Structures are given as C-alpha cells and as structure tokens.
Amino acid sequence: KALIAWRDKMNETLTDVGKYYEEQKQNLDDIEKTITLEDIKKIAQDLKDWRETNYLLTANEINDFLLIQQEAEAIQIAKKRASKIKDDIAKIQKTNIKTAGELTKLLNKADQLIKESDKINQEAEKNLRQLYIEQKAIVAESTTTESMVSAQTTGESTSTEESPNTTSTENSSENADEPIPPPSIRDLVKDSLTKVKEAYQVFIEMSNLVRKLLK
C-alpha cells in the first residue's frame, strides 16, 4: 500500500511537471516578439531553479526505483543461467567426473556471487523504502518529538560557565569521529551489478573448460 501511494505521488508530480513545461512554452510563444536577452536569462534561471527543486528530486526517486527493478531482473536471469549450467554439469558427470567436479566448484563460486548481488540489491530496495516512502512519517515524528523536548527545556539555563566549554569540546569530539556516510542507493545497485558481472566471468571460465574437454 505504501509503495502504491508513492507511485501515485510520483505520477501526480510528473503530471504537474508536464503542465508546468506546457505553461512555460505557452508563455514563451506569447512574448516571442518582445522578449529581451535579460528576459531570456531570467526565464532560464527560474526554470533551472524550479527544475532542481521540483523535478530532479522526483526523477531521482523514480530512477533509483527503476535501477533496483532492472538489477533484480538481471539477478533472476543469472540465477536461471546458473540453474541451466547445473543441469549441464549433471550430464558431464556421467562421462567425466573430474571435469564435472571442477565445474561444480566454479558454479558454487558463481552462485555465491549471485547471492551476494541479490543481498546488496535487497539492501538498496530497503533503503529506497526508508528514504522515499517512510521518510515523511519519520520526519513528522521527529519534528513532534523535538517540539516536546523544546517545550520541556524552555526556561532552563546553565548555572556555570563550564557548560558552554563542555558542549564545545563534545561537539569537536563528535565532528572528529563523524562516521563515513553509507553508500547511496545507486552505489549499492552498482555493487550488485558488479557481482553479477563477476558471476558471468565465472560462467565464461566454465565454458572455456568445457571447450577443452570437447577437443
């Protein structure tokens, strides 16, 4: 349900974007004969500001969603390929046990890479839900909590001169130990795709091994 609500919100925003561009186009047509260079500069800057504030945020959300879905499809294709190769190894097992054993080891390596790829992509999907779908609820709850804390502490003051210095020291310490930000959704999808590519490299290695067997 949350995902459907997000989808509808994206559709609504894209519809508004389309209307905005049509309105801007109509405005340009209306002033085409009287427009000046300064007018063009202002219109271009306004369009750029509007695009960054209204369109790009939505486009990035949609692109992240599509990247995750496309990567999930790539993972499924890799899984099917691995399953087919497993059947082929079973046939080779009947005629060449040694080669079948080597191929099985390689297939296990490819399977592990695909599993890791799937896990990373699922993490990307989890982050997408937290950032884009659940974010507003989290922000709203955080704002309410901050308001309550602020109300409770209103009127309180420090009684010594050491508090400001202590706070400053604590802040400095916190800044020095700032954690490294987690990878973005696109970084995760990229890492997932890299694992799939590595799995296909193993498939190629297996194919070369079979060719040697057939010679």
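# Close-up views of a predicted helical model

View 1. Helix α1 has 29 residues and spans 42 Å from its first C-alpha to its last, close to the 42 Å expected at 1.5 Å a residue, where the expected span is 1.5 Å times one less than the number of residues and helices are DSSP runs (H or I, at least four residues) numbered from the N terminus. The model is predicted, so local features need pLDDT of at least 70 and side-chain atom pairs count only at pLDDT 80 or more, while totals for chains, interfaces and linings use all residues. Residues are numbered from 1 along each chain as its sequence is written, and side-chain values use heavy atoms, with hydrogens and water left out. The buried residues of α1 are Trp6, Met10, Thr13, Val17 and Tyr20, buried meaning under 20% relative accessible area, exposed over 50% and partly exposed in between (1.4 Å probe, protein chains only). These buried residues pack against α2 and α3. Thr13, for instance, is buried at a relative accessible area of 15%, and, leaving aside neighbours within four places in sequence, Thr13 is in contact with Asn54 and Thr58, a contact being heavy atoms within 4.5 Å.

View 2. Rings of Phe, Tyr and Trp (its six-membered ring) pair if their centres lie within 6.5 Å, and planes under 30 degrees apart count as stacked, over 60 as edge-to-face and the rest as tilted. By this rule there are five aromatic pairs. The rings of Trp6 and Phe65 have centres 5.3 Å apart and planes at 50 degrees, so this pair is tilted. Because Trp6 lies in helix α1 (residues 2–30) and Phe65 in helix α2 (residues 37–93), the pair ties together parts that are 59 residues apart in sequence. Trp6 is buried, with a relative accessible area of 9%, whereas Phe65 is partly exposed, at 22%. Tyr21 and Trp50 form an edge-to-face pair, with 5.7 Å from centre to centre and 75 degrees between the planes. Here Tyr21 lies in α1 and Trp50 in α2, so the pair ties together parts that are 29 residues apart in sequence. Tyr21 is partly exposed at 31% relative accessibility, while Trp50 is buried at 17%. Ring pairs also link Tyr20, Tyr21 and Trp50 into a cluster.

**View 3. The nonpolar cores.** A nonpolar core is a set of buried Ala, Val, Leu, Ile, Met, Phe, Trp, Tyr and Cys residues joined through side-chain atoms within 4.5 Å. The largest one has 19 residues, and those with the most contacts inside it are Ile89, Leu107, Ile114, Phe203 and Met206. The elements that give two or more residues to this core are α2, α3 (97–133) and α6 (185–214), and the largest share, seven residues, comes from α3. Met206 touches Ile85, Ile89, Leu103, Leu106 and Leu107, not counting residues up to four places away in sequence. Apart from this core lies another, of eleven residues, among them Met10, Ile120, Leu128 and Val189.

**View 4. Confidence along the chain.** The protein chain averages a pLDDT of 83, and 79% of the residues score at least 70, pLDDT being the predictor's confidence in each residue, from 0 to 100. Confidence is highest in α3, at a mean of 94, and lowest in helix α5 (residues 162–176), at 48. Over residues 156–170 the pLDDT is below 50, and beyond near neighbours in sequence this stretch has one contact in the model. Where pLDDT is low, the predicted coordinates should not be read in detail.
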